[in-house]
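I set aside an afternoon for this one and kept notes as I went. Here they are, in the order I looked things up.

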Amino acid sequence: MQEINKNQLRERAKKLQDVDEERWSKVNEHNKYIMEEYFASMSNLSEATVVQYKSAMRIFFVWNEENNRGKKIYEITKRDFMKYITFLTNHGLSSSAIKLKKSAVSSLCNFIELILSEEMEEYKTFRNFAEKLPNQVSSTQTYDKKIVTKTEYKKMMKVLEEKGDIMGQCWLALAFTTGARRGELRQFTV
């Protein structure tokens with residue numbers, strides 16, 4: 001079988017440890033309540049965004065529990081959040097993955113600042129700790145973009161044919177002939 005060079009400029013990040021129910025059960029109940037309140041109030045978010053934001057917030061709150069003494073969200077500082085961003089960076093996450101996680105927490109903070117601060121005493125002076133941080137997340141490039149030649153395309157199709165991967169062949173043919181990106185290819189109907 002033939003090895004395919006993926007043209008990676010950096011290794012993929014190790015997957016973050018899953019936030020299973022055992023780890024989630026240890027998270028501060030107040031933080032869980034605020035997160036539930038956020039999702040109950042944010043009807044304008046798409047289903048895909050809700051899934052991504054819930055995952056990102058759960059990761060943040062578990063990190064907070066395990067590495068930040070389980071502070072309630074109104075006790076978290078910019079310094080604490082910078083430690084979280086550093087944790088994600090040191091774990092090898094891409095800039096887009098870090099920005100997504102940061103965006104989810106920032107959106108939650110905006111909700112607290114704009115909505116909950118009027119009703120909940122502990123949030124009267126709350127400020128979004130995920131905004132205006134000293135060092136922004138710099139973009140990472142994962143792949144060295146190279147145009148696939150007709151010869152390389154035929155070679156890849158042959159490897160996929162040998163594997164019996166018809167779906168792979170279909171995807172590759174569509175990508176090669178249209179020039180569409182991964183995200184655009186996902187939008188094609190079966």
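**Ground rules.** I take helices (H or I, at least four residues) and strands (E, at least two) as DSSP runs, numbered from the N terminus. I am working with a predicted model, where local features need pLDDT of at least 70 and side-chain atom pairs count only at pLDDT 80 or more, while totals for chains, interfaces and linings use all residues. Residues are numbered from 1 along each chain as its sequence is written, and side-chain values use heavy atoms, with hydrogens and water left out.

**Entry: the helix α6 pair.** I began with Glu162 and Lys158, whose side chains meet in a salt bridge at 3.8 Å, N to O. My rule for a salt bridge is a side-chain nitrogen of Lys or Arg within 4 Å of a carboxyl oxygen of Asp or Glu. Because Glu162 and Lys158 are four residues apart in helix α6 (residues 150–163), about one helical turn separates them. An α-helix has 3.6 residues a turn, so residues three or four places apart point the same way. I noted both Glu162 and Lys158 as exposed. For burial I use relative accessible area: buried is under 20%, exposed over 50%, and partly exposed in between (1.4 Å probe, protein chains only).

Val159 also sits in helix α6. Val159 counts as buried because its relative accessible area is 7%. I put its C-alpha atom 9.3 Å from that of Gln169, 10 residues apart along the chain.

**Entry: the whole chain.** I listed eight helices and zero strands. Of the 190 residues, 37% count as buried. I also looked at contacts (heavy atoms within 4.5 Å): among those with a separation of 6 or more, 66% join residues 24 or more positions apart. The accessible surface comes to about 13000 Å², with 51% belonging to carbon and sulfur atoms; the areas come from the Shrake-Rupley method with a 1.4 Å probe, and for residues only the protein chains shown count as cover.

**Entry: helix α3.** Next I followed α3, residues 47–67. Its 21 residues reach 30 Å from first C-alpha to last, close to the 30 Å expected at 1.5 Å a residue; the expected span is 1.5 Å times one less than the number of residues. Which elements do the buried residues of α3 pack against? I found α1 (21–25), α2 (29–41), α4 (78–90) and α5 (95–114). Those buried residues include Tyr53, Ala56, Arg58, Val62 and Trp63.

At the end of the helix, Asn67 is in α3 and is partly exposed because its relative accessible area is 47%. I have the C-alpha atoms of Asn67 and Tyr84 at 8.7 Å, for 17 residues along the chain. Just after α3, Arg69 takes a positive phi of about 60°.

**Entry: the core.** I define a nonpolar core as a set of buried Ala, Val, Leu, Ile, Met, Phe, Trp, Tyr and Cys residues joined through side-chain atoms within 4.5 Å. The largest has 39 residues, and those with the most contacts inside it are Met57, Phe60, Phe61, Ile73, Phe81, Ile112 and Phe129. The elements giving two or more residues to this core are α2, α3, α4 and α5. I then picked Phe61: leaving aside neighbours within four places in sequence, it is in contact with Trp24, Val27, Asn31, Met35, Ile73 and Leu108.

**Entry: charges.** How many salt bridges does my rule give? The count comes to seven. One of them joins the side chains of Glu21 and Arg58 at 3.3 Å, N to O. That pair links distant parts of the chain, with Glu21 in α1 and Arg58 in α3, 37 residues apart. Glu21 counts as exposed because its relative accessibility is 55%, whereas Arg58 is among the buried residues of α3. Lys71 bridges to Asp80, with the closest N and O atoms 2.7 Å apart, and here I marked both residues as buried.

Lys101, in helix α5, got its own note. Lys101 is buried yet has no salt bridge, and the nearest side chain of opposite charge, Asp18, is 10 Å away. (Lys and Arg count as positive and Asp and Glu as negative; His and the chain ends are not counted.) Beyond neighbours within four places in sequence, I found Lys101 in contact with Leu16, Ala56, Ile59, Tyr84, Leu88 and Leu93.
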